[in-house]
Amino acid sequence: MMRVNVRRVIQSPRMVQTYQVTRTFGSWVRGSFIAGDPKIFKVRGIVTVLSAKELQFLPEGDRVMGTMAFYSQEELYVTHAGEQPGLSDTILWHGNQYKIIQINPWTDYGYYQNIGVRMEGV
């Protein structure tokens, strides 16, 4: 079976967008996570809607939620432990903040699908 490498699509100037990623590593001290200084960098990839926006009516006000897919050649992170523990990456795109909740490593095809949920209050 032939594999199609979609790397050229992910890098296409016609489709690619730039978004800002914030990555935070830290350490565990007595059962609490102590975050270090965040690292902010730019990633180029394709951004698509993963699900329709949801509108929640709450006593404190209306809240719009939504899930986006960020396709890139860069591997993003979800909260993880190990040698270098860290929090989920967050993405700033079109004035909204998204927290990465799932990563689908389609590395055989040249990309990652990073799923982010819109964070409230941004």
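Helices (H or I, at least four residues) and strands (E, at least two) are here DSSP runs, numbered from the N terminus. Under this definition, Arg7 belongs to helix 1, which spans residues 7–10. The structure is a predicted model, in which local features need pLDDT of at least 70, side-chain atom pairs count only at pLDDT 80 or more, and totals for chains, interfaces and linings use all residues. Residues are numbered from 1 along each chain as its sequence is written, and side-chain values use heavy atoms, with hydrogens and water left out.

## Overall architecture

The chain contains one helix and eight strands. Read from the N terminus, the order of these elements is α-β-β-β-β-β-β-β-β. A residue is called buried under 20% relative accessible area, exposed over 50%, and partly exposed in between (1.4 Å probe, protein chains only). By that criterion, 34% of the 122 residues of the chain are buried. A contact means heavy atoms within 4.5 Å. Among the contacts in the chain with a separation of 6 or more, 51% are between residues 24 or more positions apart.

## The helix and its surroundings

Arg7 of helix 1 is partly exposed, at 39% relative accessibility. Leaving aside residues up to four places away in sequence, Arg7 touches Gln73, Tyr109 and Gly110. The C-alpha atoms of Arg7 and Thr107 are 9.7 Å apart, although 100 residues separate the two along the chain.

## Paired strands

Two strands are said to pair if DSSP finds at least two bridges between them. Strand 6 and strand 7 pair in the antiparallel sense through four bridges, and Leu92 has Gln97 in strand 7 as its bridge partner. The hairpin of these two strands has two residues between them, and His94 takes a positive phi near 55 degrees there.

Strand 7 also runs antiparallel to strand 8 (residues 111–118), to which eight bridges join it. Here Trp106 is bridged to Tyr111 in strand 8. The hairpin of strand 7 and strand 8 has four residues between the strands, and Gly110 in the turn has a positive phi of about 95 degrees.

## Nonpolar cores

In soluble globular proteins, nonpolar side chains tend to be buried together. A nonpolar core is defined as a set of buried Ala, Val, Leu, Ile, Met, Phe, Trp, Tyr and Cys residues joined through side-chain atoms within 4.5 Å. The largest such core has 12 residues: Tyr19, Val21, Phe41, Val43, Val47, Met68, Phe70, Leu76, Ile91, Trp93, Tyr98 and Ile100. Two or more of its residues come from each of strand 1 (17–23), strand 4 (39–58), strand 5 (61–72), strand 6 (90–93) and strand 7 (96–106). Strand 4 supplies the largest share, three residues. Another core, of five residues, lies apart from this one and includes Ile10, Ile46, Ala69 and Tyr111.

Within the largest core, Met68 touches Val47, Thr48, Val49, Leu50, Trp93, Tyr98, Asn114, Ile115 and Gly116, not counting residues up to four places away in sequence.

## Aromatic pairs

Rings of Phe, Tyr and Trp (its six-membered ring) pair if their centres lie within 6.5 Å; planes under 30 degrees apart count as stacked, over 60 as edge-to-face and the rest as tilted. The structure holds eight aromatic pairs. One of them joins Phe70 and Tyr98 edge-to-face, with 5.5 Å from centre to centre and 65 degrees between the planes. This pair links distant parts of the chain, as Phe70 is in strand 5 and Tyr98 in strand 7, 28 residues apart. Phe70 is buried at a relative accessible area of 0%, and Tyr98 is buried at 4%. Ring pairs connect Tyr19, Phe70, Trp93 and Tyr98 into a cluster.

## Charged side chains

A salt bridge is a side-chain nitrogen of Lys or Arg within 4 Å of a carboxyl oxygen of Asp or Glu. A search of the whole structure finds one. It is formed by Arg23 and Asp89, whose closest N and O atoms are 2.8 Å apart. Arg23 lies in strand 1 and Asp89 in the loop between strand 5 and strand 6, so the pair ties together parts 66 residues apart in sequence. Arg23 counts as buried at 9% relative accessibility, and Asp89 is buried with a relative accessible area of 0%.

A charge sits over a ring if NZ of Lys or CZ of Arg is within 6 Å of the ring centre and within 35 degrees of the ring normal. The table gives two such arrangements.

| Charged residue | Ring | Distance from ring centre |
|---|---|---|
| Arg23 | Tyr77 | 3.9 Å |
| Lys39 | Phe41 | 5.2 Å |
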